[in-house]
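Welcome, and please take a moment to look at the chain below.

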Amino acid sequence: MKDNFDIHAWNLNRYKEMIVETDDPTIGAELEAGMDGTGVAEAEGNGSLESSLHAKFPSLDFYVNTFGDKGEITIRQKRDVSEEDFNALTSFLEDKGYTVDYEQSYRDFDYDDDRYWMPRIRFKQ
């Protein structure tokens, strides 16, 4: 016996009331504006700061996290960051108007058998 059940059509009918078709260009604008579900982006935006850092420093792999008026760049590599790269990153942030917290920032990689400490830069506006 052949089964002619169409799961796609069944789900489409089931959720038809929730599907809203629109040509509204503002849908999805939150993602383009740098909102990622965890909050509104900062003045420059988490996404634009990260993309400008990637453009300026393509050889480094890092993650930018902003929260309130503070932020942190975690450099994802299992080795120390060169002093030149670290100074260039901090200078870039300061040129953008941020204040780097040098007491909470370090360029050295460290680990103790079960945890890694990646190089990081903490900053605030």
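Predicted model: local features only at pLDDT ≥ 70, side-chain atom pairs only at ≥ 80, totals over all residues.

Residues are numbered from 1 along each chain as its sequence is written, and side-chain values use heavy atoms, with hydrogens and water left out.

**The layout**

The chain holds four helices and six strands. Read from the N terminus, the order of elements is α-α-α-β-β-α-β-β-β-β. Helices (H or I, at least four residues) and strands (E, at least two) are DSSP runs, numbered from the N terminus. Of the 125 residues, 26% count as buried; buried means under 20% relative accessible area, exposed means over 50%, and partly exposed lies in between (1.4 Å probe, protein chains only). The accessible surface of the chain is about 9,300 Å², and carbon and sulfur atoms make up 49% of that area. Such areas come from the Shrake-Rupley method with a 1.4 Å probe, and for residues only the protein chains shown count as cover. Among contacts with a separation of 6 or more, 50% come from residues 24 or more positions apart, where contact means heavy atoms within 4.5 Å.

**Strands that pair with β6**

Two strands pair if DSSP finds at least two bridges between them. Strand β2 (residues 70–75) runs antiparallel to strand β6 (residues 120–124), with five bridges joining them. I73 has I121 as its bridge partner in β6. Strand β3 (residues 99–106) also pairs with β6 in the antiparallel sense, over four bridges. Here V100 has F123 as its bridge partner in β6.

**Two salt bridges**

How many salt bridges does the count come to? The count is two, a salt bridge being a side-chain nitrogen of Lys or Arg within 4 Å of a carboxyl oxygen of Asp or Glu.

| Salt bridge | N to O distance |
|---|---|
| D61 and R76 | 3.2 Å |
| E72 and R122 | 2.6 Å |

In the pair of D61 and R76, D61 lies in the loop between α3 (46–56) and β1 (62–67) and R76 in the loop between β2 and α4, so the pair ties together parts that are 15 residues apart in sequence. D61 is partly exposed at 37% relative accessible area, and R76 is partly exposed at 42%.

In the pair of E72 and R122, E72 belongs to strand β2 and R122 to strand β6, so parts 50 residues apart in sequence are tied together. E72 is buried, at 16% relative accessible area, whereas R122 is partly exposed at 29%. The side chain of E72 also makes a polar contact with the side chain of T74 (3.2 Å). A polar contact is a pair of N or O atoms within 3.5 Å; within protein, one must be able to donate a hydrogen and the other to accept it, and residues adjacent in sequence count only if both atoms are side-chain atoms.

T90 has its place in helix α4 (residues 83–95). Is T90 buried or exposed? T90 is buried, at 2% relative accessibility. Leaving aside neighbours within four places in sequence, T90 is in contact with V100, Y102 and I121. A88 lies in helix α4 too, and is partly exposed at 30% relative accessibility.

F5 is found in the segment before α1 (7–14), and counts as exposed at 53% relative accessibility.
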